Amino acid sequence: MSRNYKFHNKSGLYFVSFATVYWIDVFTRQMYFDVLADSVRYCRKNKGMEVYAYCFMPSHVHFIFRSGNDDPSGLIRDFKKHTSKKVIQAIENNPQESRKEWLLWMFEKAGNRNTTVRYRQFWQQHNKPVELWTDKVIQQKINYIHNNPIESGFVSDSVDWKYSSARNYVDDHTILEIDSDGYLLGLTK
């Protein structure tokens, strides 16, 4: 793996992206988005996660975050492990999930191809962390995250995507709270 895609500075600010296996559009139902949002809330409260920007898309997640406990790799590992278990449980227990058998089969197929997975694999293994250290790069990544739903054709204004910190940047904190001090103080509003 490239040196650019590792957590070298344990207290650094990072941009990460990770996707479901095969880029499957799993996050198409409210209950699956809720798993992600609840997990972020838990990590912020109990694991020292500082979130400065985020976007949940149907097949992937973007964060700008910092680990207050100086363990960004462990934080993302635990987040992905927890969310994978909870989303798969939600799929299994959702009587309205029309794609249930197919989704579970795809996760099992991915797990069978990976010797480090016991049964089902939900997330792709890489996170592609990029350390952010200048205002210009931070702003570039925030713009990338917030424009992702626009580029995908889901909305014409980034604040209209429910699961994006673009809403936070216009003082709408109804979905998730984000951290606004420290690294990003005064950058955008």
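**Close-up 1. Lysine charges over aromatic rings in the predicted model.** In this predicted model, Lys109 lies over the face of Tyr22, at a distance of 5.5 Å from the ring centre. Another such arrangement involves Phe15, whose ring face has Lys141 lying over it, at 4.7 Å from the ring centre.

Close-up 2. Phe27 and Phe33 are both buried. Ring pairs also link these two residues into a cluster whose members include Phe18, Tyr54, Phe56, Phe63, Trp123 and Tyr163.

**Close-up 3. The surroundings of His60.** His60 has its place in strand E3, which covers residues 60-67. Because its relative accessible area is 12%, and under 20% counts as buried, His60 is described as buried. The side chain of His60 makes a polar contact of 3.3 Å with the side chain of His62, and a polar contact of 2.9 Å joins the side chain of His60 to that of Asn148.

**Close-up 4. The largest pocket and its lining.** The largest pocket has a volume of about 840 Å³, and 27 residues line this pocket. Of these lining residues, Lys80, Lys81, Ser84, Val117 and Gln125 lie nearest the centre of the pocket. When the lining is divided by residue type, 10 residues are nonpolar, eight are polar and nine are charged.

Conventions
Residues numbered from 1 in each chain as written. Predicted model: local features only at pLDDT ≥ 70, side-chain atom pairs only at ≥ 80, totals over all residues. Heavy atoms only, no water. 1 Å grid on protein atoms, 1.4 Å probe; cavity = no way out; pocket = protein on both sides within 12 Å on 5 of 7 lines; lining within 4 Å. Points joined across faces, edges and corners; volume = space filled by probe spheres on them. Nonpolar A, V, L, I, M, F, W, Y, C, P; charged D, E, K, R; others polar. Buried < 20%, exposed > 50% of the residue type's maximum accessible area, 1.4 Å probe, protein only. Phe/Tyr/Trp six-rings, centres within 6.5 Å; stacked < 30°, edge-to-face > 60°. Lys NZ or Arg CZ within 6 Å of the ring centre and 35° of its normal. Helix = DSSP H or I, 4+ residues; strand = E, 2+ residues; numbered from the N terminus. Polar contact = N/O pair within 3.5 Å; in protein donor to acceptor, adjacent residues only side chain to side chain.
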